[in-house]
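Here are my notes on this model, as numbered points. Please read them with the structure open.

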Amino acid sequence: MHADAAGTFWAGASTSFIPADYGPQTVATAHEAVVNMTLRYGFQKFADDARLTIDIAGADFGGIDGNLHESFFFAGFDLDVILSRFGPNVTPQTTVLSHRAAVWSILQPAGAFKLGDNQGDLEDSVHFEPLCGYSPSVHCNAGERQVGGIGFLDALSRDIDLGDIEVGEAFAIRYELKVWAYAPGGESVSWSYFRDPLAGDGSPDAAGGASFTHSGLRAARVPVDDIVVGGPSTVPEPTTAALLLLAVAAAGASERRQRRPRRPC
């Protein structure tokens with residue numbers, strides 16, 4: 001992860017890729033990577049027409065499963081932007097942008113990847129493509145077997161409504177960014193890049209990331225008691241959600257086996 005003084009930040013998470021023939025333990029060893037980033041900026045409004053814009057250059061997330069496990073496999077990101085105000089008779093916190101997107105293959109036939117989670121304010125800016133080769137640049141042709149999937153977040157800008165903030169008032173903007181990836185091991189890899197300069201061809205347009213532009217505002221000191229432990233999201237961790245799904249599926253499979261009549265010898 002990285003953040004600079006200009007307000008541009010990125011984060012990246014990627015699992016290990018270990019060939020299945022490296023050792024017998026690698027086939028059954030899962031790999032997980034999670035990065036959490038919380039950034040907080042204080043501003044003071046000094047003009048009626050002040051503007052604050054979130055600039056997102058994009059993101060990509062997905063994975064490849066060379067061993068074609070019939071298991072669970074996912075990668076994605078969460079982004080929340082919270083505006084905090086201070087003083088009496090104001091709403092302390094307002095979520096001005098929130099989104100979760102993920103590519104996964106959970107209890108699907110081997111190699112069946114899909115955009116399994118895409119909810120929030122950026123829904124129309126997220127896209128999915130299947131992969132039929134062992135490189136993120138190899139996409140599928142008709143009839144080819146899918147071995148992975150990749151999601152993209154388009155470049156976009158969103159203005160934050162500052163109409164309720166008075167001239168002279170100080171406020172804070174908090175960004176909470178999480179990128180996460182999980183792969184079952186044994187010739188599988190997953191990744192999530194939010195402006196990682198090593199992703200794509202190395203250019204900002206091909207990578208991703210977030211920053212902000214503003215006018216009519218200046219940097220200001222603000223109280224620090226608006227940090228909420230755990231952030232605003234109530235969505236369970238990807239691994240927790242997957243394990244819950246596996247438990248439900250296992251219970252269903254057990255019930256089906258008990259009901260299935262035995263074949264005569």
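1. A term first: strands here are DSSP runs of at least two residues, numbered from the N terminus. The model is predicted. With that numbering, Asp161 sits in the loop that runs between strand 10 (156-159) and strand 11 (170-183).

2. Overall make-up. The protein has 14 strands and 1 helix. Of its 265 residues, 46% count as buried. The accessible surface is about 13700 Å², and carbon and sulfur atoms hold 52% of that. Among contacts with a separation of 6 or more, 76% are between residues 24 or more positions apart.

3. Strand 11 and its partners. Strand 11 pairs with strand 3 over 14 bridges, in the antiparallel sense. In that pairing, Leu39 has Tyr175 of strand 11 as its bridge partner. Strand 11 also pairs with strand 5, antiparallel, over 12 bridges. There, Ser84 is bridged to Ala172 of strand 11. Strand 11 is mostly covered, with 13 of its 14 residues buried.

4. Strands 5 and 6. Strand 5 (residues 74-85) and strand 6 (residues 93-104) are antiparallel and pair over 11 bridges. Ile82 has Thr95 in strand 6 as its bridge partner.

5. Met37. This residue is in strand 3. Is Met37 buried or exposed? Met37 is buried, because its relative accessible area is 7% and the cut-off for buried is under 20%. Met37 and Lys178 are 141 residues apart along the chain, yet their C-alpha atoms are separated by 6.2 Å.

6. The nonpolar core. Nonpolar side chains tend to be buried together in soluble globular proteins. Here the largest nonpolar core has 40 residues. Those with the most contacts inside it are Leu52, Ile56, Leu153, Leu162, Phe171, Ile173 and Phe194. Elements giving two or more residues to this core include strand 3 (31-45), strand 4 (51-65), strand 5 and strand 11. Another core, of 7 residues, lies apart from it and includes Ile64, Ile150, Val189 and Trp191.

7. Leu153 and Ser125. Which residues does Leu153 contact, leaving aside neighbours within four places in sequence? They are Ile56, Gly58, Ala59, Phe77, Leu122, Ser125, Val126 and Phe194. Ser125 is in the loop between strand 7 (114-120) and strand 8 (126-131). Ser125 is a loop residue, but it is buried, with a relative accessible area of 13%. Not counting residues up to four places away in sequence, Ser125 touches Phe152, Leu153, Asp154 and Leu156.

8. Back to Asp161. Asp161 counts as exposed because its relative accessible area is 65%, and exposed means over 50%. A polar atom of the Asp161 side chain lies 2.9 Å from the backbone nitrogen of Gly163. Asp161 and Val96 are 65 residues apart in sequence and 8.2 Å apart in space, C-alpha to C-alpha.

9. Ser125 is buried, whereas Asp161 is exposed.

Key: Residues numbered from 1 in each chain as written. Predicted model: local features only at pLDDT ≥ 70, side-chain atom pairs only at ≥ 80, totals over all residues. Heavy atoms only, no water. Helix = DSSP H or I, 4+ residues; strand = E, 2+ residues; numbered from the N terminus. Buried < 20%, exposed > 50% of the residue type's maximum accessible area, 1.4 Å probe, protein only. Polar contact = N/O pair within 3.5 Å; in protein donor to acceptor, adjacent residues only side chain to side chain. Contact = heavy atoms within 4.5 Å. Pairing = 2+ DSSP bridges. Core = buried A, V, L, I, M, F, W, Y, C linked by side-chain atoms within 4.5 Å. Areas by Shrake-Rupley, 256 points an atom, 1.4 Å probe, with all protein chains shown as cover.
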